[in-house]
Amino acid sequence: MDISRRAALKAGMVAVGGSQITPLWAAAPTRNRTEILRLGCCYYPEQWPESMWAADAAAMAQRGVSRVRIAEFAWTLMEPEKGRYDWGWLDRIITILAKAKLGVVLGTPTAAPPHWLVEQLPEMLPVGEDGRTKQFGSRRYYSFASQPYRRECARIASAMADRYGRHPAVVGWQIDNEYGCHDTTYSYGRADRAGFRAWVEARYGTVARLNEAWGTSVWSQQVDSFAAVDLPVLTPTDHPPAKMLDYRRFASEQVGAFHQVQVDAIRPRSPGRFITHNFMANFTEFDPFPIGDAIDFASWDSYPLGVAAGRDEPRWDRTGNPDITGWNHDLMHAINPAPFWVMEQQPGPVNWARYNPAPMPGMVRLWAWEAFAYGASTVSHFRWRQAQVGPEQMHSALNRPDGAISPGGIEAAQVGREIQLIGAAPARTKAKVALLFDYQTVWTTEIQPNAVNQNHLAHAQSWYAALRGLGIDVDIVRPATPLDGYKLILMPSLATIDAATLEALEKREGLLVVGPRSGSKTEDFAIPRDLPPGPLQRLIPVKVKQTGTFRNGAAFPVAGEGMDGHAIAWREWLDTKLPVKARYEDGESAVVGTDTAWYVGCQGDRDFTVALMRNAARQAGLSTHPLPDHVRMRQRGDLQFAFNYGPDAWTIPDPKPALLLGQRTLAPYDVAIWRMAE
Ligand code: GAL
């Protein structure tokens, strides 16, 4: 083998087995290839001498990076004192990046307001549940509800957009940074109290309606004016749960309103540029769906080991859990259907998790390709060079602090070479399975968990993971989404069923599988008069006559129709005449249903959940392809991707896959892509 071929092979640039050096995608038809795949990186020029900037930009371009996010924490440099702007440094770095043909994503710096601003506006500071004000320092020291702070944010965003909104190198905007990070969604200060009172008054109109909705006849909690409404903190025990839910709704809407102020500032000043926000993994304190409607596409910050290490099973410590990463990719599509970005991708060890292991060799490359498989258009690594100073100096980057390329940087550069050969990829394929997920159910479960081991997100993810392990792609969808085209519709749990959701469910064609605690609360956090699952009884005639929660380790054997396993943590006693699909040992029904709708009255262990999903898929006419735990597949258009998260090789079942990348025997921590037959 000649040297250039070996080098190209090492770089993953040829389909293994071919006799010539073939660009990866040359064999693939170009039709339907609509999305250009890109790499980006997060860059902090303000943390490095200006003499390094030009060389950095040249090296980025040389390593396949074409998008660079800057400025999202640099307010004090942009505006050292109120109204005195210093754009010089930002002008110069944008010019340098433009010369290197790098598209610039400008972050608005509102997650790190300057000291002078906080001095002038102390009421913008957030207040903790203990009633104490959080101080200037670190970042995210503001309350979303502060109207004066929102005005300051509009001002700096407008000033930035006036200056750079039409700059040819500026391709788009990231507003603020990771809303809610560092426990900052909720605040309990004066601005929040005033905002909550106004919100409650707008929602209920009269105090009588408020008292009725909140069920204040319990424990003498009636209020006689909106001015008597306080925030739900600092009391011996629970406030009315309807009030606690309203506070969550209010706080979530504050995030959206805060966001909208900057969108309104930037849109008219920066025509043709995108606006996005970088959401966090598994984050449920606010509902991102309304924000999804106010951005051009969703993006998120993917730190697979930050999420897994020391929290998930030890085997995922150095790879991340494929189904958690997959869930978050799929969630971006539910937030906004346009191709999403990974705005920050883990490049090596992070500094902030319980433990901070280094990824297995191969994973940095794998994560990037995995994001593309799920429909990403851009994967941007955090960050270009490891910081020498500051709180994140132990966080890795594409380059070491001394400037040399890091192990993750080598893998990212390989992806950079690989995607240059593609040019474009097909659009994300609509899945055959829809999984309904909402945030109100998370909040409802947290407000009234009924057991310490209740976690709605984890329950929904257990259904998702079971399907992914059966080789089935899933679309996560919001309530009320039209469900046509889906063969299987999963509702792991949806606490409240509104009219639009019920209508979408009534119009569906696919098999509906409803999980426990669904329809268990009204909009006002009451038990439905006709008992759970409330309005769903129109689709599935079943009533939940009793519930029970159980400690970790307690398990009820369930058997029937190939659905063996155990109910755990949450169990319901059902009143129904529907055919029984699975029973507990004591003869009570666990799963009931017809050909069109099932009700599942428990949370399940892994065996039960996998069996449930296998049976549901079969009934819905979907073929299953069980995969080992460490292997996952994802389809994007006519491309099939496979990812090996484990230490053992795996052989692609197709005897002759039309491979574009990788080999039929998928090595540990490796990626394969092949073109599917017409
Ligand atoms: C993210 C954040 C970045 C950086 C990174 C480190 O949460 O957006 O600014 O702190 O984590 O992993």
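Strand β8 (residues 299-302) runs parallel to β9 and is joined to β9 by four bridges; strands count as paired if DSSP finds at least two bridges between them. Helices (H or I, at least four residues) and strands (E, at least two) are DSSP runs, numbered from the N terminus. The model is predicted: local features require pLDDT of at least 70 and side-chain atom pairs pLDDT 80 or more, whereas totals for chains, interfaces and linings use all residues. Residues are numbered from 1 along each chain as its sequence is written, and side-chain values use heavy atoms, with hydrogens and water left out.

The bridge partner of W341 in β10 is T378.

Strand β9 (residues 341-345) is largely enclosed by the rest of the structure, because five of its five residues are buried. Buried denotes under 20% relative accessible area, exposed over 50%, and partly exposed the range in between (1.4 Å probe, protein chains only). Helix α13 is mostly covered, with eleven of its eleven residues buried; among them are the charged residues R365 and E370. G375, which follows α13, has a positive phi near 115°.

The ligand is surrounded by F73, R139, N177, E178, D301, Y303, E344, W352, F382, E392 and H395, a residue being near a molecule if one of its heavy atoms lies within 4 Å of it. This shell divides into four nonpolar, two polar and five charged residues. Ala, Val, Leu, Ile, Met, Phe, Trp, Tyr, Cys and Pro count as nonpolar, Asp, Glu, Lys and Arg as charged, and the others, Gly among them, as polar. A side-chain N or O atom of E178 is 2.4 Å from a ligand oxygen. For W352, a polar side-chain atom lies 2.7 Å from an oxygen atom of the ligand, and for H395 the distance from a polar side-chain atom to a ligand oxygen is 2.7 Å. The protein covers 96% of the 310 Å² of accessible area that the ligand has on its own, as computed by the Shrake-Rupley method with a 1.4 Å probe.

How values were computed. A polar contact is a pair of N or O atoms within 3.5 Å; within protein, one must be able to donate a hydrogen and the other to accept it, and residues adjacent in sequence count only if both atoms are side-chain atoms.
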